[in-house]
Amino acid sequence: MGQPPPLLHVENVTSFYEEEGQTLQALDSITVTVDDGELVAIIGPSGSGKSTLLDIISGLFAQTSGEVAIEGQVLPAAKRLGHAAYMRQRDLLMPWRTALDNAALALQVHGVPMRRAQEMARERFPEFGLEGFEDAYPAQLSGGMRQRVAFLRTVLTERRLLLLDEPFGALDALNRVALQTWLLSLWERERQGVILVTHDVDEAIFLADRVIVLSARPGRIVLEETIALPRPRHREMVTSAPFLAHRATLLDALGLLHVSGAPV
């Protein structure tokens, strides 16, 4: 019996778009594979097409050329909609809905009756660190708790493929570190296939099985680095020799290794 197809396979995807009367290229011949239960991070400079790639995979945006296959089936953009759970950098919580109702919204969109959607969301509030905040409105929640609600809303869709676009980008450093560790524990339980877009090299190494580096626009893959760190991951690993070696390799691929004052 043959090997099952990968959860996601993006083959030679190229993307152009129009801006102020000009035709610009966002991506150039991108090929990416993600297996079920694998966490892949994508890093690159601003404007390298990272978010565009997630939009294409999710079906929100059609590629100019190339193919996207989910579980072995090549699908056009319209048919890809709903196959992946997609969480953007901003939590996009509705201010007039409680935390519980915001979390339940994704289920309602997929046809689950409101009362049942609320019950399913409520059951998972404790494991997301949200117990006791079911009736709180977004304005009453910290940034970290808002992100947890957004994660719960995303996970409740029960899709095998999860797309995360800078999920911690708006948080302060302490919240970011805490939620990275929390996300790992969540992923280790759920074991979905994940593509994580981030600007943070350390975050990419700490979380991912593989890290893909994109060039400046148009985004091309300049490096694909397999992360040689055991799982489960621990925060102490960020000072280990293998971690620092990966960091140097990725910074070099980004052109930041020898730049004075470059962000690390």
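Modeller: Arg 210 is buried, and Glu 38 is buried as well. Buried here means under 20% relative accessible area, exposed means over 50%, and partly exposed lies in between (1.4 Å probe, protein chains only). The model is predicted, so to speak of a local feature requires pLDDT of at least 70, side-chain atom pairs count only at pLDDT 80 or more, and totals for chains, interfaces and linings use all residues. Residues are numbered from 1 along each chain as its sequence is written, and side-chain values use heavy atoms, with hydrogens and water left out.

The side chains of Arg 210 and Glu 38 form a salt bridge, at 2.8 Å from N to O. Arg 210 belongs to strand S9, while Glu 38 sits in the loop between S2 and strand S3 (39-43); the two are 172 residues apart, and the pair links distant parts of the chain. Helices (H or I, at least four residues) and strands (E, at least two) are DSSP runs, numbered from the N terminus. A salt bridge is counted when a side-chain nitrogen of Lys or Arg comes within 4 Å of a carboxyl oxygen of Asp or Glu, and by this rule there are 15 of them.

Another of these salt bridges joins the side chains of Arg 220 and Asp 28, 2.7 Å from N to O. Arg 220 lies in the loop between strand S9 (210-214) and strand S10 (221-226), and Asp 28 lies in strand S2, so this pair ties together parts that are 192 residues apart in sequence. Arg 220 is partly exposed, at 40% relative accessibility.

The largest one has 52 residues, and Val 211 is among the members that touch the most others, along with Phe 128, Phe 151, Leu 164, Leu 183 and Leu 207. Leaving out residues up to four places away in sequence, the contacts of Val 211 include Ala 41, Ile 43, Leu 223, Ile 227 and Leu 250, where contact means heavy atoms within 4.5 Å. A second, separate core holds 26 residues, including Val 10, Ile 56, Val 197 and Leu 214.

Strand S2, where Asp 28 lies, is part of an open sheet of four strands in the order S2-S1-S4-S5, with antiparallel pairing. S2 (22-34) and S5 (73-74) are the edge strands, each with a single partner, so one side of each has no neighbour in the sheet. Two strands are taken to pair if DSSP finds at least two bridges between them; S1 (residues 8-19) and S2 have nine, in the antiparallel sense. In one of the bridges, Glu 18 has Thr 23 in S2 as its partner. Helix H1 (residues 50-58) packs on this sheet and touches S1, S2 and strand S4 (65-70), with its direction at about 115 degrees to that of S1. Axes are lines fitted to C-alpha atoms, for helices over the stretch in contact, and angles run from 0 to 180 degrees between N-to-C directions. Seven of the nine residues of H1 are buried, so the helix is largely enclosed by the rest of the structure. Just after H1, Gly 59 has a positive phi of about 95 degrees.

Strands S7 and S8 (residues 193-197) run parallel and are joined by five bridges. In S7 (residues 161-165), five of five residues are buried: Leu 161, Leu 163 and Asp 165 on one side, Leu 162 and Leu 164 on the other.

Conventions
Core = buried A, V, L, I, M, F, W, Y, C linked by side-chain atoms within 4.5 Å.
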